[in-house]
Amino acid sequence: MVKELRLALIGFGTVGQGLAELLLEKRDWLRAAYGLDLRLVAVATARSGFLARAEGLDEAELLRLAASGQPLTAYASAEVKRWPTVGEGLAATGADVLVEVTGTNLRDGEPGLSHIRQALEQGLHVVTANKGPVALAAHELLALAARKGVHLRMEATVMAGTPVLSTLREGLAGARILSLSGILNGTTNYILTEMGQGRSYAEALAEAQRLGYAEADPTADVEGYDALAKTLILAALVFGLPLRPEQVLRRGIAGIAQEEVRAAQAEGRRIKLVASLRLRGVGGLSQASAGGQAAELPVEARVEPMALPLDHPLARVDGVMNALTIESDTLSSVTVIGPGAGRRQTAQGLLADLLAIARSRS
Ligand code: HSE
């Protein structure tokens, strides 16, 4: 028997469209291999409001409208109902899962934070690729989800679809995590790699923007705020710690000169923007204490450029690739390497979370 999971998709930009494409592409296979029908029953954008159709919306038609620059309100069906806001639409329609993929806002997490709170309050599961709400409020939102007996999953927020959160939570169940160090931002890794090959900082950044890796405002990438957001998410999920942004030492790569990148290369090192979380009292890459961090925090959190020796697992992770090295009491060191940005790659993270929710309901 085929089971159904009814989705309300909030946000129809790059990531939302990437998920719609995957739903279309994989519909038959998901039915055959997983006995699952992932049915899109609502979609919302700031421009078009909240549109819902109980029998399901046609992803191909929505993608066609988006590609031709038309509002989704031009969807050709009399059965589509519309509400001006997500709040009203969500309150009025039935869905099993909210898929929240509006743009990331690292200042206050809105509007995604309100969408996620409302959905959890209503007893919907939530899957998100939106870093802002979970970087700033994962602790609160996970507690709310637990109270309501629903799932809040966020695989796509860290390293896109590369399965790091599920590896930490499920694959490494029972292990005590001692430290995490990662290359968590594709744009800066791409820039540093290209600079190592002779390109200027400005050229490499422009190319990363053209390829669609960079945030809407690339300051978030090059100043380390995007990696910081992912560090906060990991701190909440792995260490149960509601860290605030100002508790993470942060340095970006904006001022980095090509001579610096080349000089490190000449010494057999690679400069990488490394995000790290380390239980205090456990040794590692950086032994210096992070200035400005409250000494009582059980975990030291940093985002900073580091010149890594070539035998370090992160040193040869190049281009837009991301990686996370996990040190634990049972496996010493495990490194997961994979794409950290991109339309299809991020949609994969959402898909994996949806399948995990479907599994838990069977
Ligand atoms: N701008 C981000 C990056 C996108 O470059 O990694 C994925 O979070």
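Start in the loop between β5 (97-100) and α4 (112-121), where Pro-111 is found. The model is predicted. Select Glu-110 together with Pro-111: the peptide bond from Glu-110 to Pro-111 is cis, with omega near 5°.

**Two residues with positive phi**

Move to the loop between β7 (152-153) and α6 (165-171) and select Met-159. Met-159 is not a glycine, yet its phi is positive, at about 60°. With a relative accessibility of 0%, Met-159 counts as buried. Ala-160 is not a glycine either, and its phi is positive at about 50°. Its relative accessibility of 2% makes Ala-160 count as buried.

**The ligand and its shell**

Select the ligand next, then show the residues around it: Lys-131, Asn-185, Gly-186, Thr-187, Tyr-213, Ala-214, Glu-215, Asp-221, Asp-226, Lys-230, Gly-340 and Ala-341. Coloured by class, this shell divides into 3 nonpolar, 4 polar and 5 charged residues. Two helices, α7 (186-196) and α10, each supply at least two residues of the shell.

- Thr-187: an N or O atom of the side chain is 2.7 Å from an oxygen atom of the ligand.
- Asp-221: a polar side-chain atom lies 2.8 Å from a nitrogen atom of the ligand.
- Lys-230: a polar side-chain atom lies 2.8 Å from an oxygen atom of the ligand.

The ligand taken alone exposes 250 Å², and the protein buries 91% of that.

Keep the shell on screen and pick Lys-131 and Glu-215, both among the residues around the ligand. Their side chains meet in a salt bridge, with an N to O distance of 2.9 Å. Lys-131 lies in helix α5 (residues 131-148) and Glu-215 in the loop between α8 (201-210) and α9 (219-222), so the pair ties together parts that are 84 residues apart in sequence. Are the two partners buried or exposed? Lys-131, at 8% relative accessibility, counts as buried, while Glu-215, at 22%, counts as partly exposed.

**Helix α10**

Select residues 225-239, which form helix α10. Its 15 residues should span 21 Å at 1.5 Å a residue, and the end C-alpha atoms are 20 Å apart, which agrees. How much of α10 is buried? The count is 12 of the 15 residues, so the helix is largely enclosed by the rest of the structure. Among the buried residues are Leu-228, Leu-232, Ile-233, Leu-234 and Phe-239.

The side chains of Asp-226 and Lys-230 meet in a salt bridge at 2.6 Å, N to O. The two residues are 4 apart in helix α10, which means that about one helical turn separates them. Both Asp-226 and Lys-230 are buried.

Step past the end of the helix to Gly-240, which follows α10 and has a positive phi, near 60°. Continue to Gln-247, in the loop between α10 and β9 (249-250). Gln-247 is buried, with a relative accessible area of 13%. Its side chain reaches the backbone nitrogen of Arg-244 at 2.8 Å.

**Charged pairs elsewhere**

Side chains of opposite charge can pair when their charged atoms come close. How many salt bridges does the model hold? The count comes to 27.

One of them joins Glu-25 and Arg-344, whose closest N and O atoms are 2.7 Å apart. Glu-25 is in helix α1 (residues 14-34) and Arg-344 in helix α12 (residues 343-361), so select both helices to see a pair that links distant parts of the chain, 319 residues apart. Glu-25 counts as partly exposed at 48% relative accessibility, and Arg-344 counts as partly exposed at 46%.

Then select Glu-4, Arg-6, Arg-31, Asp-37 and Arg-39, which are linked in a network of salt bridges.

**Last stop**

Finish in helix α2 (residues 59-67), where Glu-59 is found. Glu-59 is buried, with a relative accessible area of 2%. Show Arg-27 as well: its side chain makes a polar contact with the side chain of Glu-59, at 2.9 Å.

Methods
Residues are numbered from 1 along each chain as its sequence is written. This is a predicted model: local features need pLDDT of at least 70, side-chain atom pairs count only at pLDDT 80 or more; totals for chains, interfaces and linings use all residues. Side-chain values use heavy atoms; hydrogens and water are left out. The expected span of a helix is 1.5 Å times one less than its number of residues. Buried means under 20% relative accessible area, exposed over 50%, partly exposed in between (1.4 Å probe, protein chains only). A salt bridge is a side-chain nitrogen of Lys or Arg within 4 Å of a carboxyl oxygen of Asp or Glu. A residue is near a molecule or strand if one of its heavy atoms lies within 4 Å of it. A polar contact is a pair of N or O atoms within 3.5 Å; within protein, one must be able to donate a hydrogen and the other to accept it, and residues adjacent in sequence count only if both atoms are side-chain atoms. Accessible areas come from the Shrake-Rupley method with a 1.4 Å probe; for residues, only the protein chains shown count as cover. Ala, Val, Leu, Ile, Met, Phe, Trp, Tyr, Cys and Pro count as nonpolar, Asp, Glu, Lys and Arg as charged, and the others, Gly among them, as polar.
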